[in-house]
Amino acid sequence: KATCNVPSPGRGRAKDSKCILVTSKKEQEEKERYNLEKEKMMNKAIEEVQSWDEKMFAKKINELQKQQIKILDSKKKTTVAKPWKDNRVLLCGKCKTKACSTEDLRVIEESHYTALGEKFKTRYTTKPQAPEDYGKFKKKSKLHCISCDYDWGIIVKYKGFEDMPLIKIERFSVQDVVSNKQFRFRKWKDVDFAVKDFDFEELPY
(Lines give C-alpha, C1' and ligand atoms only; values in the text may rest on other atoms or scores of the structure.)
Protein backbone atom coordinates (compact mmCIF):
# COMPACT_ATOMS: atom_id res chain seq x y z
CA LYS A 1 0.00 0.00 0.00
CA ALA A 2 1.16 3.54 -0.77
CA THR A 3 1.15 6.06 2.08
CA CYS A 4 1.55 9.83 1.81
CA ASN A 5 0.90 12.82 4.04
CA VAL A 6 -1.54 15.04 2.17
CA PRO A 7 -4.46 17.29 3.21
CA SER A 8 -7.89 15.84 2.69
CA PRO A 9 -10.64 18.37 1.84
CA GLY A 10 -12.60 19.33 4.95
CA ARG A 11 -10.14 17.70 7.35
CA GLY A 12 -6.90 18.62 9.08
CA ARG A 13 -7.39 22.37 8.66
CA ALA A 14 -6.05 23.35 12.10
CA LYS A 15 -2.53 24.75 12.18
CA ASP A 16 0.20 22.07 11.93
CA SER A 17 -2.42 19.30 11.76
CA LYS A 18 -1.94 16.33 9.45
CA CYS A 19 -4.16 13.91 7.63
CA ILE A 20 -2.85 10.48 6.63
CA LEU A 21 -4.18 8.95 3.42
CA VAL A 22 -3.86 5.18 3.13
CA THR A 23 -4.69 3.82 -0.29
CA SER A 24 -3.73 1.03 -2.65
CA LYS A 25 -4.76 3.04 -5.70
CA LYS A 26 -1.94 4.89 -7.43
CA GLU A 27 -4.35 7.26 -9.20
CA GLN A 28 -5.87 8.29 -5.85
CA GLU A 29 -2.42 9.09 -4.51
CA GLU A 30 -1.58 11.17 -7.58
CA LYS A 31 -4.91 12.99 -7.35
CA GLU A 32 -4.27 13.93 -3.72
CA ARG A 33 -0.74 15.13 -4.53
CA TYR A 34 -2.19 17.27 -7.33
CA ASN A 35 -4.78 18.72 -4.93
CA LEU A 36 -2.01 19.52 -2.45
CA GLU A 37 0.00 21.43 -5.04
CA LYS A 38 -3.12 23.25 -6.22
CA GLU A 39 -3.93 24.29 -2.65
CA LYS A 40 -0.38 25.57 -2.11
CA MET A 41 -0.58 27.65 -5.30
CA MET A 42 -3.98 29.05 -4.30
CA ASN A 43 -2.77 30.04 -0.83
CA LYS A 44 0.33 31.66 -2.30
CA ALA A 45 -1.81 33.64 -4.77
CA ILE A 46 -4.14 34.80 -1.98
CA GLU A 47 -1.19 35.96 0.13
CA GLU A 48 0.23 37.87 -2.83
CA VAL A 49 -3.07 39.65 -3.57
CA GLN A 50 -3.51 40.55 0.11
CA SER A 51 -0.06 42.15 0.10
CA TRP A 52 -0.95 44.57 -2.71
CA ASP A 53 -1.60 48.20 -1.89
CA GLU A 54 -4.33 50.21 -3.64
CA LYS A 55 -1.96 51.42 -6.38
CA MET A 56 -0.77 47.90 -7.22
CA PHE A 57 -4.34 46.57 -7.19
CA ALA A 58 -5.46 49.24 -9.68
CA LYS A 59 -2.44 48.46 -11.90
CA LYS A 60 -3.23 44.73 -12.01
CA ILE A 61 -6.90 45.36 -12.83
CA ASN A 62 -5.88 47.70 -15.65
CA GLU A 63 -3.55 45.03 -17.08
CA LEU A 64 -6.31 42.41 -16.99
CA GLN A 65 -8.74 44.78 -18.72
CA LYS A 66 -6.23 45.45 -21.50
CA GLN A 67 -5.70 41.71 -21.99
CA GLN A 68 -9.46 41.16 -22.20
CA ILE A 69 -9.83 43.93 -24.80
CA LYS A 70 -7.09 42.33 -26.94
CA ILE A 71 -8.84 38.94 -26.75
CA LEU A 72 -12.19 40.45 -27.77
CA ASP A 73 -10.58 42.40 -30.63
CA SER A 74 -8.87 39.27 -31.95
CA LYS A 75 -12.19 37.40 -31.94
CA LYS A 76 -13.85 40.21 -33.92
CA LYS A 77 -11.08 40.14 -36.53
CA THR A 78 -11.48 36.40 -37.10
CA THR A 79 -15.26 36.64 -37.62
CA VAL A 80 -16.08 35.95 -41.27
CA ALA A 81 -18.99 37.89 -42.74
CA LYS A 82 -21.80 35.68 -43.99
CA PRO A 83 -22.50 35.88 -47.74
CA TRP A 84 -25.67 37.26 -49.29
CA LYS A 85 -27.71 34.46 -50.86
CA ASP A 86 -30.86 35.37 -52.76
CA ASN A 87 -31.47 31.90 -54.16
CA ARG A 88 -32.90 30.34 -51.01
CA VAL A 89 -36.38 29.95 -49.62
CA LEU A 90 -37.80 28.90 -46.27
CA LEU A 91 -40.09 25.87 -46.34
CA CYS A 92 -42.34 24.69 -43.53
CA GLY A 93 -40.33 22.19 -41.51
CA LYS A 94 -43.23 19.74 -41.54
CA CYS A 95 -45.21 19.93 -44.80
CA LYS A 96 -42.59 21.78 -46.92
CA THR A 97 -45.01 24.52 -47.98
CA LYS A 98 -43.12 27.63 -49.10
CA ALA A 99 -43.08 30.29 -46.38
CA CYS A 100 -40.87 33.05 -47.77
CA SER A 101 -37.61 33.89 -49.50
CA THR A 102 -34.46 34.66 -47.52
CA GLU A 103 -34.65 38.06 -49.26
CA ASP A 104 -37.80 38.74 -47.22
CA LEU A 105 -36.06 38.14 -43.89
CA ARG A 106 -35.04 40.97 -41.57
CA VAL A 107 -33.24 40.96 -38.22
CA ILE A 108 -34.67 43.06 -35.37
CA GLU A 109 -32.71 44.10 -32.28
CA GLU A 110 -29.78 41.93 -33.48
CA SER A 111 -31.33 38.58 -32.53
CA HIS A 112 -35.01 38.42 -33.56
CA TYR A 113 -36.11 37.61 -37.10
CA THR A 114 -39.19 38.54 -39.10
CA ALA A 115 -40.38 38.06 -42.67
CA LEU A 116 -41.80 40.94 -44.71
CA GLY A 117 -44.32 40.93 -47.53
CA GLU A 118 -48.01 40.36 -48.10
CA LYS A 119 -47.44 36.85 -49.49
CA PHE A 120 -45.96 35.66 -46.20
CA LYS A 121 -49.08 36.84 -44.36
CA THR A 122 -51.22 34.53 -46.49
CA ARG A 123 -49.13 31.49 -45.54
CA TYR A 124 -49.69 31.45 -41.80
CA THR A 125 -52.52 31.50 -39.33
CA THR A 126 -52.56 32.63 -35.71
CA LYS A 127 -53.83 31.26 -32.41
CA PRO A 128 -54.45 33.48 -29.39
CA GLN A 129 -52.33 33.30 -26.28
CA ALA A 130 -52.17 35.33 -23.09
CA PRO A 131 -50.33 38.65 -23.62
CA GLU A 132 -46.81 38.56 -22.24
CA ASP A 133 -43.93 41.03 -22.25
CA TYR A 134 -40.92 39.68 -24.11
CA GLY A 135 -38.07 42.19 -23.86
CA LYS A 136 -39.03 45.06 -26.16
CA PHE A 137 -41.86 42.96 -27.57
CA LYS A 138 -45.30 41.99 -26.32
CA LYS A 139 -46.45 38.50 -27.28
CA LYS A 140 -49.95 38.47 -28.75
CA SER A 141 -50.49 35.11 -30.45
CA LYS A 142 -48.89 31.96 -31.83
CA LEU A 143 -47.86 31.67 -35.48
CA HIS A 144 -48.68 28.45 -37.39
CA CYS A 145 -48.35 27.10 -40.92
CA ILE A 146 -51.69 27.56 -42.67
CA SER A 147 -51.34 24.18 -44.41
CA CYS A 148 -50.38 21.83 -41.56
CA ASP A 149 -50.65 23.94 -38.38
CA TYR A 150 -46.93 23.54 -37.61
CA ASP A 151 -45.60 26.05 -35.07
CA TRP A 152 -43.55 28.77 -36.80
CA GLY A 153 -43.15 31.32 -34.03
CA ILE A 154 -45.11 34.17 -32.48
CA ILE A 155 -46.92 37.41 -33.32
CA VAL A 156 -45.82 40.40 -31.24
CA LYS A 157 -46.47 44.07 -30.76
CA TYR A 158 -43.25 45.95 -31.46
CA LYS A 159 -43.16 49.70 -30.91
CA GLY A 160 -45.88 51.08 -33.21
CA PHE A 161 -46.52 47.82 -35.04
CA GLU A 162 -49.34 45.64 -33.74
CA ASP A 163 -48.80 42.36 -35.61
CA MET A 164 -45.12 41.63 -36.17
CA PRO A 165 -44.27 37.97 -36.91
CA LEU A 166 -41.14 36.58 -35.25
CA ILE A 167 -40.13 33.24 -36.72
CA LYS A 168 -37.98 30.36 -35.43
CA ILE A 169 -35.44 29.08 -37.94
CA GLU A 170 -35.50 25.58 -36.40
CA ARG A 171 -39.12 25.26 -37.57
CA PHE A 172 -38.14 25.60 -41.23
CA SER A 173 -36.07 23.94 -43.94
CA VAL A 174 -33.90 26.24 -46.04
CA GLN A 175 -33.94 25.20 -49.69
CA ASP A 176 -31.49 26.17 -52.42
CA VAL A 177 -33.75 26.85 -55.41
CA VAL A 178 -30.99 25.94 -57.89
CA SER A 179 -29.87 22.58 -56.48
CA ASN A 180 -33.11 21.88 -54.51
CA LYS A 181 -30.96 20.83 -51.55
CA GLN A 182 -32.49 21.48 -48.15
CA PHE A 183 -30.71 22.53 -44.97
CA ARG A 184 -31.80 22.69 -41.33
CA PHE A 185 -30.42 25.12 -38.75
CA ARG A 186 -31.00 24.91 -35.00
CA LYS A 187 -30.30 28.59 -34.29
CA TRP A 188 -30.33 31.80 -36.31
CA LYS A 189 -26.66 32.30 -35.51
CA ASP A 190 -25.94 29.04 -37.36
CA VAL A 191 -27.38 30.06 -40.75
CA ASP A 192 -24.88 30.38 -43.60
CA PHE A 193 -26.42 33.46 -45.22
CA ALA A 194 -26.65 37.13 -44.29
CA VAL A 195 -29.91 38.81 -43.26
CA LYS A 196 -30.66 42.51 -43.72
CA ASP A 197 -31.40 44.74 -40.74
CA PHE A 198 -35.01 45.70 -40.16
CA ASP A 199 -36.01 49.12 -41.52
CA PHE A 200 -39.30 50.69 -40.41
CA GLU A 201 -39.70 52.40 -43.79
CA GLU A 202 -40.06 49.03 -45.53
CA LEU A 203 -43.39 48.37 -43.84
CA PRO A 204 -46.54 49.64 -45.58
CA TYR A 205 -48.39 50.15 -42.28
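Reader: Which residue is the bridge partner of Val107 in β13?

Author: Two strands pair if DSSP finds at least two bridges between them, and strands here are DSSP E runs of at least two residues, numbered from the N terminus. In this case, Val107 has Asp197 as its bridge partner in β13. β5 and β13 (residues 196–197) pair in the parallel sense over two bridges. By the way, this is a predicted model: local features need pLDDT of at least 70, side-chain atom pairs count only at pLDDT 80 or more, and totals for chains, interfaces and linings use all residues. Residues are numbered from 1 along each chain as its sequence is written, and side-chain values use heavy atoms, with hydrogens and water left out.

Reader: How many bridges join β5 to β6, and do they run parallel or antiparallel?

Author: Four bridges, antiparallel. Leu105 has Ala115 as its bridge partner in β6. Three residues sit between the strands of this hairpin, where Glu109 takes a positive phi near 55°.

Reader: Which residues of β5 are buried on each side?

Author: Buried means under 20% relative accessible area, exposed over 50%, partly exposed in between (1.4 Å probe, protein chains only). Leu105 and Val107 are buried on one side of β5, Arg106 and Ile108 on the other, so both faces are covered.

Reader: And His112, buried or exposed?

Author: His112 lies in β6 (residues 112–115) and is buried, at 19% relative accessible area. Beyond its neighbours within four places in sequence, His112 is in contact (heavy atoms within 4.5 Å) with Arg106, Val107, Tyr134, Phe137 and Leu166.
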